[in-house]
Amino acid sequence: AREADNASYALGIHPIYVPNASEDDLAALRKAVEAAVDDSRFVAIGEIGLDYFIPMLCEPAMREKQEFFFREQLRIARDFELPVLMHVRRSQDQVLKHVRQIRQVGGIAHAFNGSFQQAQTFIDLGFKLGFGGAMTFTRALQIRRLAATLPLESIVLETDAPDISPAWIHPARNSPEYLPSIGAALAELRGMHIDDIRSATMASAIAAMPRLSAILAPA
């Protein structure tokens with residue numbers, strides 16, 4: 001992150017890596033966060049959350065372990081007053097349950113693909129919703145409806161590179177270089193000018209992760 005003028009970073013244990021993680025890793029994460037807390041490029045705890053799509057992670061014991069690691073990392077975020085970047089793959093209601101119990105300063109529900117009601121609950125709890133390549137597929141009707149109708153100030157743009165590539169390159173490797181084109185897709189869905197989408201989603205990102213303001217500013 002320090003090698004690029006416009007780069008920042010988050011620290012966390014992704015749910016996909018929870019199977020091989022131990023409580024020692026949580027202690028190491030807390031120490032790493034404490035050491036980085038004065039670094040302006042350190043912006044959030046993440047990516048953390050729950051994944052109920054990968055079969056191995058859906059086994060009862062692994063679901064329980066995921067929830068334990070998620071809750072412990074929510075506590076770290078709360079203790080250091082940092083936003084969270086959350087993985088919510090087929091787990092929206094479960095993620096919401098935990099963030100209600102361990103209240104956060106906010107953050108982002110990454111690659112959101114839930115219902116309008118779930119979206120509104122995240123928004124009410126202070127979170128922004130991430131939209132990226134998935135909304136560029138014409139058959140992704142629910143995601144496209146959400147992107148078109150949710151309050152614009154609740155939306156951030158993302159790529160999830162190298163995954164979730166947009167329709168025009170799928171299934172090739174995704175890249176941050178496609179973010180402007182993904183923004184153009186959002187502008188088309190909402191009937192807006194791309195410059196307005198750029199300004200609004202940048203402001204949303206800074207609102208979700210205030211430390212970004214050290215390296216970025218709304219257009």
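Biologist: Is Glu81 buried or exposed, and what is its relative accessible area?

Modeller: In this predicted model, Glu81 lies in the loop between H2 and S3. A residue counts as exposed when its relative accessible area is over 50%. Glu81 is therefore exposed, with a relative accessible area of 64%.

Biologist: What is the phi of Glu81?

Modeller: Most residues other than glycine have a negative phi. Glu81 is not a glycine, yet its phi is positive, at about 55 degrees.

Biologist: Where is Pro162 placed, and what is omega for the cis peptide bond that joins it to Ala161?

Modeller: Pro162 falls in the loop between strand S6 (155-157) and helix H6 (179-190). The peptide bond between Ala161 and Pro162 is cis, with omega of about 10 degrees.

Biologist: How many of the 10 residues of strand S2 are buried?

Modeller: Strand S2 covers residues 42-51. On one side of the pairing list, S1 (residues 9-11) is joined to S2 by three bridges in the parallel sense. Strand S3 (residues 84-89) pairs with S2 over six bridges, also parallel. S2 is largely enclosed by the rest of the structure, since the number of its residues that are buried is nine.

Biologist: Which residue of S2 is the bridge partner of Ala10, and which residue of S3 is the partner of Ile48?

Modeller: For the pairing of S1 with S2, which run parallel, the partner of Ala10 is Ala44. For the parallel pairing of S2 with S3, the partner of Ile48 is Met86.

Biologist: Is Gln66 buried or exposed, and which residues does it touch beyond four places in sequence?

Modeller: Gln66 is found in helix H2 (residues 60-80). Its relative accessible area is 0%, so Gln66 is buried. Leaving aside residues up to four places away in sequence, Gln66 touches Pro15, Val18, Gly49, Leu50, Asp51, Tyr52 and Leu57.

Biologist: What pattern of helices and strands does the protein chain follow?

Modeller: The protein chain contains seven helices and six strands. Read along the sequence, their order is β-α-β-α-β-α-β-α-β-α-β-α-α.

Biologist: What radius of gyration does the protein chain have?

Modeller: The C-alpha trace spans about 50 × 40 × 35 Å along its principal axes. Of the 219 residues, 46% count as buried. A compact globule with 219 residues would have a radius of gyration near 17 Å, and the chain agrees with this because its own value is 17 Å.

Biologist: How far apart do the centres of the positive and negative side chains lie?

Modeller: The accessible surface of the chain comes to about 11000 Å², and 51% of it belongs to carbon and sulfur atoms. The chain has 22 positive and 26 negative side chains, and the centres of these two sets are separated by 5 Å.

How values were computed:
Residues are numbered from 1 along each chain as its sequence is written. This is a predicted model: local features need pLDDT of at least 70, side-chain atom pairs count only at pLDDT 80 or more; totals for chains, interfaces and linings use all residues. Side-chain values use heavy atoms; hydrogens and water are left out. Helices (H or I, at least four residues) and strands (E, at least two) are DSSP runs, numbered from the N terminus. The radius of gyration is taken over C-alpha atoms; the globule rule is 2.2 Å times the number of residues to the power 0.38. Buried means under 20% relative accessible area, exposed over 50%, partly exposed in between (1.4 Å probe, protein chains only). Accessible areas come from the Shrake-Rupley method with a 1.4 Å probe; for residues, only the protein chains shown count as cover. Lys and Arg count as positive and Asp and Glu as negative; His and the chain ends are not counted. The place of a charge is taken as NZ of Lys, CZ of Arg, CG of Asp or CD of Glu. Two strands pair if DSSP finds at least two bridges between them. Contact means heavy atoms within 4.5 Å.
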